[in-house]
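Colleague: Hi! Could you walk me through this model before I set anything up?
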Amino acid sequence: MVTGEVFPVDLGASEFNQAWGLPVKYGHNEKHGWKLLVNSNVSQVDFMYAGFDTESSYDYLDLGHLNGTHRLTGALGTGEAALLPLAPTWNQRHFTVLWKTDASVNRNGIPRVSQVEARCLATPNPTALNMPITVNQRWEGLLIKSGDVIYTSVLQPANTRMVLTLDAIAGKIANPDFDLYASTSTTMPDNSNYTWRSYNGNGGRGLAGGGEAIDIGTTTTARAIYIGVRSYPWTDNAGHFVLRANVQKSVPFGATGVRTLTVCHPGVSNIQSHANWPKAKETLQRAALRVLAATHGNIFLRTFAMKYVAGSTNGQFCEGATCDWCMTHPDKGDYCGYQANGLPGRVRIPNIACAGAGYAPGNYDDPTLLSLIVAHEATHGVLGQADDPVQGDEYYQGLSFCGHSILNGPHNWTYRFCTSLNHCRDPEPGATTPAGFDCSLSSGNLWDRLQTGSQASSFYSFHPTDQTSAQPWETYHSNYHARNLVNFTYQ
C-alpha cells in the first residue's frame, strides 16, 4: 500500500443548520445523507477529526461502506476513525455519510471531519468508472493529489435542462483548481475528448474559484452524461468537492423550472455602466444560486432581463411597467427596500443607486447578505409562499417558527425549506406559536405546500421527507463559475 496523502476536508455538520441564535452549536432535527466518491485506486481512507463533541448516541456522524458503519458520537475530542477498506466492485468505490441530530441536547461546536489520509494500491490499475450519481442530490468526492481524477455518470431525463455544478469546499492549497468535463459519447471525458468542459483557473478566489459549472442544456429524450472531475496538476492540488446534476423541467411540460425575470430599473439608464453594477449583478447571481440550492436544483433563475423604464412609474413596484421585479425609482420612498406584493407576484429590490445601510446595504456593498434577502423575496414572488400563519409559513409578526427555512424571517436567516422532519421544531426562544399557525408536520412544512400547491408543476422532483438528499446551503452561491451561468440582457 502506498503511503497516504493527507489533506483538508470539510465533512459533517458545517454546511447545515446551526442552533437557533447560537452559531457555536450544531442544529436540532437534522438528517442529511450523501455519498463520497474516490478514485478507483484508493484503497483506504483515514478520517481525522478535532474537537468532536455531540450528545452521545443521539447526535452522530456515520461513515460507512460495504464492510459496515463507523459512528462518531459523544465527546471524542481529537482522533481518527478506523480505516475503511474499499471493495473492488465498481458500485462500491465510495463511502456513505450521514449527519443526524435529534430535538433535544446539542453540544458546543460544529462536529466534522477536518482532514483525511487517503492511501492507494501499491500497484495501480487503470482508473475505472465510478457508480452513477443521481439528479438533484448532493454527491461529494476526494481528489487526493494533483492530477487525480474521478469518473462517473448521470442520466439526464427526457424534457429537462441540466446544470452540472462542482463546488470546492476544502483544499490543500489556498487556491485549489478542480476541472469538470462532460460527454455524451466517451465514458471518461478529459481535456482532449469531451462534449462540454469547464476548466477555468482559480484566479486567486480561494474556494469560490476552485469549482466549475456547465450548462448541459435541454434534451427531449433521456441521455447518459459521462462526467470527469480532475484536480489540475498544480503542486499539492488535493481537496474535497461537491458535485451536483441539477435538473429542471423543460418543454413540453408547459411549466418550466428555468425562468427569465424582467427587472425594471426606472431612473437609471445604461445600468451596466453604473459604478455599482458589478456588485448588483453579483447579488442577483448569488440570489439565483440560492434559489437553485433551496429548491434542490428545480428552479433556475437563469436570465435577468434588465429593462430601463423612463420616468418614475406609479409606485414602489413599477406598476406602470411590464416587469417581474422592480428596482424602485430613487424618487420613491424606501427605494432601498425589498418586498413581494403578490403570491406569486412582483418583487421590489433596492435601486442600484441605493445609499441605505443595514438590511438595505448601500451601493449593493454586501452581495452575500442582500442575495439572501432577495432569495427570500423570490420565494414569495416566484414560488408564491406566504407570510401567513394559516398557510403555515415559517414566521409571523416578527417571530420565527421554523429555523430550517429561508422564509423564517430576519432573525435567523437560513438557506433552505423546512420539511416534515423539522417544521416548527425549533421556534424562536420564548416565542408562543400564534393562533391558527399550521405546525402540522404532514401539511404545514414548506416542501409539502410546494408539492400540493400551484407551483408543483414547475418541479421535476421533490425533496424527500426525511431530508436524506442533502444540498449545501451557505457555500453554493459562492461558486464563482456557477454564478457566471446566470445571464443578463439589457433593454
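Colleague: How many bridges join strand S19 to S20, and do they run parallel or antiparallel?
Modeller: Keep in mind that this is a predicted model. Strand S19 (residues 258–264) and S20 run parallel, joined by 7 bridges. The chain crosses from S19 through H1 to S20, a β-α-β crossover that is right-handed. For a landmark in that pairing, Thr-260 stands opposite Thr-303 in S20.

Colleague: And which strand do 4 bridges join to S20?
Modeller: That is S26 (residues 487–490), which also runs parallel to S20. Ala-305 stands opposite Thr-489 there.

Colleague: Is S20 largely enclosed or open?
Modeller: Largely enclosed by the rest of the structure, because 6 of its 8 residues, 300–307, are buried.

Colleague: Now helix H1: what should its 18 residues span?
Modeller: At 1.5 Å a residue, helix H1 (residues 277–294) should span 26 Å, and its end C-alpha atoms are 25 Å apart, so the two agree. H1 is largely enclosed as well, since 14 of its 18 residues are buried.

Colleague: What happens just after H1?
Modeller: His-296 takes a positive phi there, about 55 degrees.

Colleague: Changing topic, how many helices and strands are in the chain?
Modeller: The chain has 4 helices and 26 strands.

Colleague: What about the radius of gyration?
Modeller: It is 23 Å, which agrees with the value near 23 Å that a compact globule of 491 residues would have. The C-alpha trace spans about 75 × 55 × 40 Å along its principal axes, and 57% of the residues count as buried.

Methods:
Residues are numbered from 1 along each chain as its sequence is written. This is a predicted model: local features need pLDDT of at least 70, side-chain atom pairs count only at pLDDT 80 or more; totals for chains, interfaces and linings use all residues. Side-chain values use heavy atoms; hydrogens and water are left out. Helices (H or I, at least four residues) and strands (E, at least two) are DSSP runs, numbered from the N terminus. The expected span of a helix is 1.5 Å times one less than its number of residues. Buried means under 20% relative accessible area, exposed over 50%, partly exposed in between (1.4 Å probe, protein chains only). Two strands pair if DSSP finds at least two bridges between them. A crossover is right-handed if, with the strands pointing away from the viewer, the path from the first strand over the helix to the second runs clockwise. The radius of gyration is taken over C-alpha atoms; the globule rule is 2.2 Å times the number of residues to the power 0.38.
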